[in-house]
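Colleague: Please put the model up, and I will ask about it from the overall fold down to single residues.

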Amino acid sequence: MTPLPSRAAKPTPRSWSEVRPQRRATIPDGLWLRCPSCTKMIYRRHLEANLNVCPECTHHFRIGASERVLQLVDPGTFTEMFTNLSPTDPLKFKDLKSYRERLLAEQVKTGQVDAIRAGTCFIKGREAMIVCLDLTFMMGSMGSVVGETITRAIEAAMPDRSAGKPGLPVIIISCSGGARMQESGLSLMQMAKTSAALARFDDAGGLFISVLTDPTTGGVTASFAMLGDVILAEPKALIGFAGPRVIQQTIRQELPEGFQRSEFLLKAGLVDRVVPRAQLRSELARLIDYSGR
């Protein structure tokens with residue numbers, strides 16, 4: 001008799017993960033982000049190529065001083081000034097951590113000495129003095145270094161007719177939470193110092209263009225930011241002294257829609273033009289030409 005073939009042993013059942021191992025995630029963190037206005041997912045490189053403006057709803061994302069300089073000035077023309085100024089702690093301020101510790105942490109995080117960058121540049125071939133507050137450094141708060149840098153920038157751009165010096169137009173890009181509380185009265189005095197410098201600059205016939213971005217609040221709004229010969233603002237930027245919640249709690253009334261936003265201030269006559277970020281560089285060059293600089 002021919003022997004019957006032996007039955008093969010049943011294979012041990014395997015799980016799906018063994019048959020098809022899970023793939024490792026190949027998408028790096030931070031490659032996509034969600035727009036806070038329209039909630040759409042945006043590819044980060046597309047956002048950066050669009051000047052950090054949402055391609056779906058034109059929401060203007062907040063950016064730092066270094067990126068602002070790159071967007072506005074002609075390549076290779078920015079010469080930074082006043083880099084020898086550094087903040088101190090004269091009041092020995094301390095809450096959860098000391099002021100010195102906070103400053104060091106911010107300097108390590110941002111690579112900046114303080115919340116400002118200033119220097120000469122060319123914008124579409126027009127020479128100017130540009131000053132940018134840095135929102136990434138302690139919310140762009142104005143301390144002694146910020147006030148001193150702005151004052152020195154204004155004085156460096158000052159026209160001198162007796163010496164035949166035409167001076168430079170001054171452009172200040174404001175984005176700040178206001179005066180820095182860790183420097184108390186010293187930071188508040190920067191409001192008077194910068195305003196006085198701008199008064200001398202105006203008497204000498206200088207051109208000051210103020211650009212308000214989101215947010216511009218507190219002592220910055222109450223001083224140099226609203227003293228421009230021409231005041232521009234980015235769309236839907238929060239601009240005001242106190243926040244809307246504080247105002248609403250104080251007056252105990254409902255605030256109108258869009259209160260303290262650029263478009264609201266344009267209707268009220270406090271802002272001359274609302275300019276999208278993509279048009280800001282051309283608008284600055286046009287204003288310098290109109291002034292005859």
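Colleague: How many helices and strands does the chain have?
Modeller: This is a predicted model. Its chain holds nine strands. The helices number 10.

Colleague: Is the chain more spread out or less spread out than a compact globule?
Modeller: For 293 residues the globule rule gives 19 Å, and the radius of gyration is 27 Å, well over that value. The C-alpha trace spans about 125 × 45 × 45 Å along its principal axes. The chain is therefore more spread out than a compact globule.

Colleague: What percentage of the residues count as buried?
Modeller: The cut-off for buried is under 20% relative accessible area. The chain exposes about 16,800 Å², of which carbon and sulfur atoms supply 54%. Of the 293 residues, the buried ones make up 43%.

Colleague: Among contacts between residues at least 6 apart in sequence, what percentage join residues at least 24 apart?
Modeller: Contact here means heavy atoms within 4.5 Å. Counting pairs at least 6 apart in sequence, the share that joins residues at least 24 apart is 66%.

Colleague: How far apart are the mean positions of the positive and negative charges?
Modeller: The chain has 37 positive and 29 negative charges.

Colleague: Which residue in β9 is the bridge partner of A233?
Modeller: Strand β8 (residues 230-233) pairs with β9 over two bridges, in the parallel sense. Within β9, the partner of A233 is V274.

Colleague: And which residue in β4 is the bridge partner of E80?
Modeller: β3 and β4 run antiparallel and are joined by two bridges. The β4 partner of E80 is G119.

Colleague: How many residues of strand β4 are buried?
Modeller: β4 covers residues 116-123 and has eight residues. The strand is largely enclosed by the rest of the structure, because the buried ones number seven.

Colleague: Which residue in the turn between β4 and β5 has a positive phi?
Modeller: β4 and strand β5 (residues 126-133) pair in the antiparallel sense over eight bridges, with C121 opposite A128 in β5. The two strands form a hairpin with two residues between them. In that turn, the residue with a positive phi, about 50°, is K124.

Colleague: What is the C-alpha to C-alpha distance between M129 and I154?
Modeller: M129 lies in strand β5 and is buried, with a relative accessible area of 1%. Leaving aside neighbours within four places in sequence, its contacts include M81, G119, T120, A153 and A156. M129 and I154 are 25 residues apart in sequence, and their distance in space is 8.0 Å.

Colleague: Is S187 buried or exposed, and with which residues is S187 in contact beyond four places in sequence?
Modeller: S187 sits in helix α6 (residues 184-203). Its relative accessibility is 1%, so S187 counts as buried. Leaving aside neighbours within four places in sequence, the residues in contact with S187 are M142, G143, A179 and R180.

Notes:
Residues numbered from 1 in each chain as written. Predicted model: local features only at pLDDT ≥ 70, side-chain atom pairs only at ≥ 80, totals over all residues. Heavy atoms only, no water. Helix = DSSP H or I, 4+ residues; strand = E, 2+ residues; numbered from the N terminus. Buried < 20%, exposed > 50% of the residue type's maximum accessible area, 1.4 Å probe, protein only. Pairing = 2+ DSSP bridges. Rg over C-alpha atoms; globule rule 2.2 N^0.38 Å. Areas by Shrake-Rupley, 256 points an atom, 1.4 Å probe, with all protein chains shown as cover. Lys, Arg positive; Asp, Glu negative; His and termini not counted. Charge placed at Lys NZ, Arg CZ, Asp CG, Glu CD.
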